[in-house]
Amino acid sequence: MKLTFWGATRQVTGSMYLLELDDEYKILIDCGTNMERDIDYSQPVTNKAFFPFEASQVNLVLLTHAHIDHSGNIPMLYREGYEGQVLCTTPTAELTGLLLTDAANLHLKKIKQAEGDSKKKKKKMDRLLVKGDLYLQKDVEDSMSNFVTIQFNHRFRVSDTAWVTFIPAGHLLGAAHIVLEVKEDGKTKSICFSGDIGRNNYPLHIDPSAEIPEVDYLLCETTYGARLHEDKISPEDALGDVIKRTCIDMPGRLIIPAFSVGRTQALLFTLNKLYSERGFQPIKVFSDSPLAYASTKVYQKNLKQLNKEARDFQHDNDTLFDFENLQYIQSEKSSKAISNYGEPCIIISASGMISGGRVEQHIAANINNAYCTILLVGYASEGTLGWRLMNGQKTLRIKDVEHTVLANVEKIDVFSGHGDQNDLINFVKKQSKEKLKKVFLIHGEMDSMEAFKEVLEKDGYSGVEIPEMGQTFEL
């Protein structure tokens, strides 16, 4: 069989890997958006195929988890002729539906911004909808109708020669490592796709401690392959310290850019614990993301798939997320009105990297406010506004306006949903050095991959590869 790397190669986003079995059965693992390339939505339609392979020839899609850099191009796959199913866990299917709908709405908004809203331009706008990676809600609905959910740790036959097992990864609700077993020439070969690897003691999510069977080939993410998490204190202590200094000791405003799915729920749960268990004075909290509100309901619904701490808290308090002074913001009008709120407050808004979304307007409105603190709580890709703030840039260009950074900028990594170098090493060490033929490093910046490769080789692992985009390996 052959494995071709079509995404997240020597960069973090765009996960997509095509496995071609010797009987010509083709399995695509993840189909994510490459968030590190810019799209000009005003350019004319082209007839160039979106994927570097024939979508109609793919037999099956396996999805590790819902995040858009793993799921975001699934509607395009169906638009280009794919007719098969998408297999994933139940929470992944529910969250993916929300994320793809949000992406479709964003596509429409960007098209309208590029082309204008006048009726005279409507025909031209309709033609633009078939361009590039622009899909709308109808495409999302067509895709989601083909999702089939599989239980964790259930070995499921997908073809005459292949079986798949989804194993809990701890990175996000429903997130999985995917193990494929393939019979070829009378022998069984096995390959594990890590997806994104979670970390221990993370709010809500289970620990990534599930046993991975020994495999012949391993694809391992390396987002934090070159670093260790700095914060050694609990999420409550870390967040509580920031809130006390920025909203209680002084009448300030705290803005937290956070991904709507996973990160926001961890923050709201931690805030609930601070208010209910530590007696923090109730400060107004705005959760400004319709997607976060919908995702929070999915988390509450799937209580059994959360960790014991979350289940115990639900038992004692009857809710994971609702607390005094929490307000979910739905409309854009209400979102803009937050700027006029005069009391100390906390604003949690997407996107986490400050690369689009409502958080941009909150940053722009407060970047000159010395009583405002921007708290960065996770990974930000190079070049994003979040990355620029994290690296101490003194000016920030937002929607063609240059701003001087007068607000305070802080960062904590206790809410990062990715395991660090030690967690990744522990993941790989579950594999036998004698049985493992190759380790492919993916989903990380080049320096992280090179550092992690060096660590693995020093530890005695051979056959560590850093694939290039489009590179094919015969397994």
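**Helices, sheet and a buried loop residue**

Helix H6 (residues 235–248) has 14 residues, which should span 20 Å at 1.5 Å a residue; its end C-alpha atoms lie 18 Å apart, which agrees. The expected span of a helix is 1.5 Å times one less than its number of residues. Helices (H or I, at least four residues) and strands (E, at least two) are DSSP runs, numbered from the N terminus. The model is predicted: local features need pLDDT of at least 70, side-chain atom pairs count only at pLDDT 80 or more, and totals for chains, interfaces and linings use all residues. Residues are numbered from 1 along each chain as its sequence is written, and side-chain values use heavy atoms, with hydrogens and water left out.

The buried residues of H6 are Pro235, Glu236, Ala238, Leu239, Gly240, Val242, Ile243, Thr246 and Cys247. Buried means under 20% relative accessible area, exposed over 50%, and partly exposed in between (1.4 Å probe, protein chains only). Their cover includes strand S12 (253–257), helix H7 (263–277) and helix H9 (308–317). Strand S15 (345–349), strand S16 (372–376) and S19 also contribute. Asp237 lies in helix H6 as well. With a relative accessible area of 35%, Asp237 is partly exposed. Asp237 and Ser462 are 225 residues apart in sequence and 41 Å apart in space, C-alpha to C-alpha.

H7 is mostly covered, with 13 of its 15 residues buried. Just after H7, Gly279 takes a positive phi of about 70 degrees.

H7 packs against helix H8 (residues 290–301) at an angle of about 70 degrees, with the axes 9 Å apart. H7 is therefore roughly perpendicular to H8. Axes are lines fitted to C-alpha atoms, for helices over the stretch in contact, and angles run from 0 to 180 degrees between N-to-C directions. Angles under 35 degrees count as roughly parallel, over 145 as roughly antiparallel, 65 to 115 as roughly perpendicular and the rest as oblique. Thr264, Gln265 and Leu268 in H7 meet Ala292, Ser295, Thr296 and Tyr299 in H8. Contact means heavy atoms within 4.5 Å.

An open sheet of seven strands runs in the order S7-S8-S9-S10-S11-S20-S21, with mixed pairing. Strand S7 (156–157) and strand S21 (464–465) stand at the edges, each with a single partner strand, so one side of each is left without a neighbour in the sheet. Two strands pair if DSSP finds at least two bridges between them. Strands S11 (residues 217–221) and S20 (residues 438–442) pair in the parallel sense over five bridges. Leu219 has Phe440 in S20 as its bridge partner. H13 packs on the sheet and touches strand S9 (176–184), strand S10 (187–193) and S11; its direction makes about 170 degrees with that of S11. Helix H14 (residues 446–458) also packs there, touching S11, S20 and S21, and its direction makes about 155 degrees with that of S20.

Elsewhere, strand S1 (residues 2–5) joins strand S22 (residues 472–474) through three bridges, and the two run antiparallel. Lys2 has Glu474 in S22 as its bridge partner. S1 also pairs with strand S2 (residues 17–20), antiparallel over four bridges. Here Thr4 stands opposite Leu18.

Asp413 lies in the loop between strand S19 (408–411) and helix H13 (421–428). Asp413 counts as buried because its relative accessibility is 7%. Leaving aside neighbours within four places in sequence, Asp413 contacts Arg199, Arg227, Leu228, His229, Glu230 and Asp231.
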